[in-house]
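Reader: I am new to this structure and would like to know the grounds for the words used about it. Please take the terms one at a time.

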Amino acid sequence: METESLFIAYMGDSPTIRVLGYLLTEREVDFSLTDIALHAGIGRATLYRILENLTQHKIIVPTRIVGKAKLYKLNKENKVIRKLIEIDDMLVKEELKMKRGVEVVV
C-alpha cells in the first residue's frame, strides 16, 4: 500500500489487517486474490496462507468467477464485519474532523 490506512494505524500492521483495511476501503467491489494481495501490500503466498481463516469465518466470500479467477468480496452480512465497518467509518470521520477542525455529521 502506498500510505498506511487509518485502520492499519489503529489496529496494527499484519497481513490480515492489511487485507481487511483494503477491503473495508473498497467494500462495494469484488477482487481476485491477486488484486487483493497487490493492493493490500502482501505476497500471494501470504494471502493464500490466511485465506482459509478469512473464508472459514466468512470474513470474505466468493462472489463470482471471471475466466480462471475467483473473485472475493468483504462479507457485509457478517456481524463482526459490520462492526469493523462502523469502526472504519468512525476513524475516517474523526480524521476529517481533526483535519478540518469541525464536527462531521453523517
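Reader: Which residues of H2 are buried?
Author: In this predicted model, the buried residues of H2 are Ile-17, Arg-18, Val-19, Leu-20, Gly-21, Tyr-22, Leu-23 and Leu-24. A residue counts as buried when its relative accessible area is under 20%.

Reader: Why is H2 called largely enclosed by the rest of the structure?
Author: Eight of its eleven residues are buried, so H2 is described as largely enclosed.

Reader: What makes Leu-24 count as buried?
Author: Leu-24, which is in helix H2, has a relative accessibility of 1%. The limit is under 20%, so Leu-24 counts as buried. Leaving out residues up to four places away in sequence, Leu-24 touches Phe-7, Leu-74, Leu-84, Ile-85 and Asp-88. Leu-24 and Lys-73 are 49 residues apart in sequence, and their C-alpha atoms are 9.7 Å apart in space.

Reader: Why does Phe-7 count as buried?
Author: Phe-7 is placed in helix H1. Its relative accessibility is 1%, and buried means under 20%, so Phe-7 counts as buried.

Reader: Which residues does Phe-7 touch, not counting residues up to four places away in sequence?
Author: Phe-7 touches Gly-12, Ile-17, Leu-20, Gly-21, Leu-24, Leu-84, Asp-88 and Leu-91. To touch here is to have heavy atoms within 4.5 Å. Between the C-alpha atoms of Phe-7 and Tyr-22, which are 15 residues apart along the chain, the separation is 9.1 Å.

Reader: How do you know that H2 and H3 are roughly perpendicular?
Author: The axes of H2 and H3 cross at roughly 100° and come within 9 Å. Angles of 65 to 115 degrees count as roughly perpendicular, and H2 and H3 are therefore given that description. On the H2 side, Arg-18, Val-19, Tyr-22 and Leu-23 meet Ile-36, His-39 and Ala-40 of H3. Sorted by class, the contact of H2 with H3 has five nonpolar, one polar and one charged residues.

Reader: What makes H2 roughly perpendicular to H4?
Author: H2 and H4 pack at an angle of about 75°, and their axes are 10 Å apart. That angle makes H2 roughly perpendicular to H4, because the range for the term is 65 to 115 degrees. Pro-15, Thr-16 and Val-19 of H2 make the contact with Thr-46, Leu-47, Arg-49, Ile-50 and Leu-54 of H4. Five of the residues in the contact of H2 with H4 are nonpolar, two are polar and one is charged.

Reader: Which residues touch the most other members of the largest nonpolar core?
Author: Val-19, Leu-20, Leu-23, Ile-36 and Leu-47 do, in a core of 25 residues. Two or more core residues come from each of helix H1 (6–11), helix H2 (15–25), H3, H4, strand S3 (69–74) and helix H5 (79–100). H2 gives the largest share, six residues. In soluble globular proteins, nonpolar side chains tend to be buried together.

Reader: Which residues does Val-19 touch, not counting residues up to four places away in sequence?
Author: Val-19 touches Ile-36, Ala-40, Ile-42, Leu-47, Ile-50 and Leu-54.

Reader: What is the phi of Lys-58?
Author: The phi of Lys-58 is positive, about 55°, although Lys-58 is not a glycine. Most residues other than glycine have a negative phi. Lys-58 lies in the loop between H4 and strand S2 (60–66).

Reader: How many helices and strands does the protein have?
Author: The protein has five helices and three strands, and along the sequence they follow the pattern α-α-β-α-α-β-β-α. Of its 106 residues, 34% count as buried.

Note on methods. Residues numbered from 1 in each chain as written. Predicted model: local features only at pLDDT ≥ 70, side-chain atom pairs only at ≥ 80, totals over all residues. Heavy atoms only, no water. Core = buried A, V, L, I, M, F, W, Y, C linked by side-chain atoms within 4.5 Å. Buried < 20%, exposed > 50% of the residue type's maximum accessible area, 1.4 Å probe, protein only. Helix = DSSP H or I, 4+ residues; strand = E, 2+ residues; numbered from the N terminus. Axes fitted to C-alpha atoms, helices over the stretch in contact; angles between N-to-C directions. Parallel < 35°, antiparallel > 145°, perpendicular 65-115°, else oblique. Nonpolar A, V, L, I, M, F, W, Y, C, P; charged D, E, K, R; others polar.
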